[in-house]
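Biologist: I am new to this structure and would like to learn how to read its aromatic residues. Could you walk me through them?

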Amino acid sequence: ALSCGFIVDVLASQTRIGTYAFNYCLTTFLLYRYKYHFFEDRLSTLPTMTFIFACLSTLIQAGIFYFIGNPFSLSWEWIKNDLFLSPFQNALYAACVFTFP
């Protein structure tokens, strides 16, 4: 999580360095204890965890943006797109590329 977050931090120009790394580490920390509720041999495990990780990560990133002073506006469009459609696309991609083959 730290490595992935740091790579995204280096590539993202609009945020301070460390915001994505902190976000991914915090999200992983919060979800790590739930790994025992899912089984490796089920087809739904990876897409479900991907969806949950993306939703939680988006919420944490919104909180980080609020605290560091980046402009952020909460709207129904943001909720629809960033909290539902984007995580759903991530879960669908995880299912099609990693789970189904």
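Modeller: Gladly! Let's begin with exposure: a residue is called buried under 20% relative accessible area, exposed over 50%, and partly exposed in between. Keep in mind that this is a predicted model.

Biologist: Is Phe-88 buried, exposed or partly exposed?

Modeller: Phe-88 has 43% relative accessibility, so it counts as partly exposed. Phe-84, at 45%, is partly exposed too.

Biologist: Where do Phe-84 and Phe-88 lie?

Modeller: Both are in helix H4, which covers residues 76-99. They sit four residues apart, about one turn of the helix.

Biologist: And how do I read a pair of rings?

Modeller: Rings pair if their centres lie within 6.5 Å, and planes under 30 degrees apart count as stacked, over 60 as edge-to-face. By this rule there are six aromatic pairs. Phe-84 and Phe-88 make a stacked one, with 6.1 Å centre to centre and 10 degrees between the planes.

Biologist: Why is the pair of Tyr-93 and Phe-98 edge-to-face?

Modeller: Their planes are at 85 degrees and their ring centres 6.4 Å apart, so the pair is edge-to-face. Tyr-93 and Phe-98 are both exposed.

Biologist: Which residues do ring pairs link into a cluster?

Modeller: That cluster consists of Tyr-20, Tyr-24 and Phe-53.

Biologist: What does Phe-38 touch, leaving out residues up to four places away in sequence?

Modeller: Phe-38 touches Thr-45, Thr-48, Met-49 and Ile-52. Phe-38 itself is in the loop between helix H2 (19-32) and helix H3 (45-68), and is partly exposed at a relative accessible area of 25%.

Note on methods. Residues numbered from 1 in each chain as written. Predicted model: local features only at pLDDT ≥ 70, side-chain atom pairs only at ≥ 80, totals over all residues. Heavy atoms only, no water. Helix = DSSP H or I, 4+ residues; strand = E, 2+ residues; numbered from the N terminus. Buried < 20%, exposed > 50% of the residue type's maximum accessible area, 1.4 Å probe, protein only. Contact = heavy atoms within 4.5 Å.
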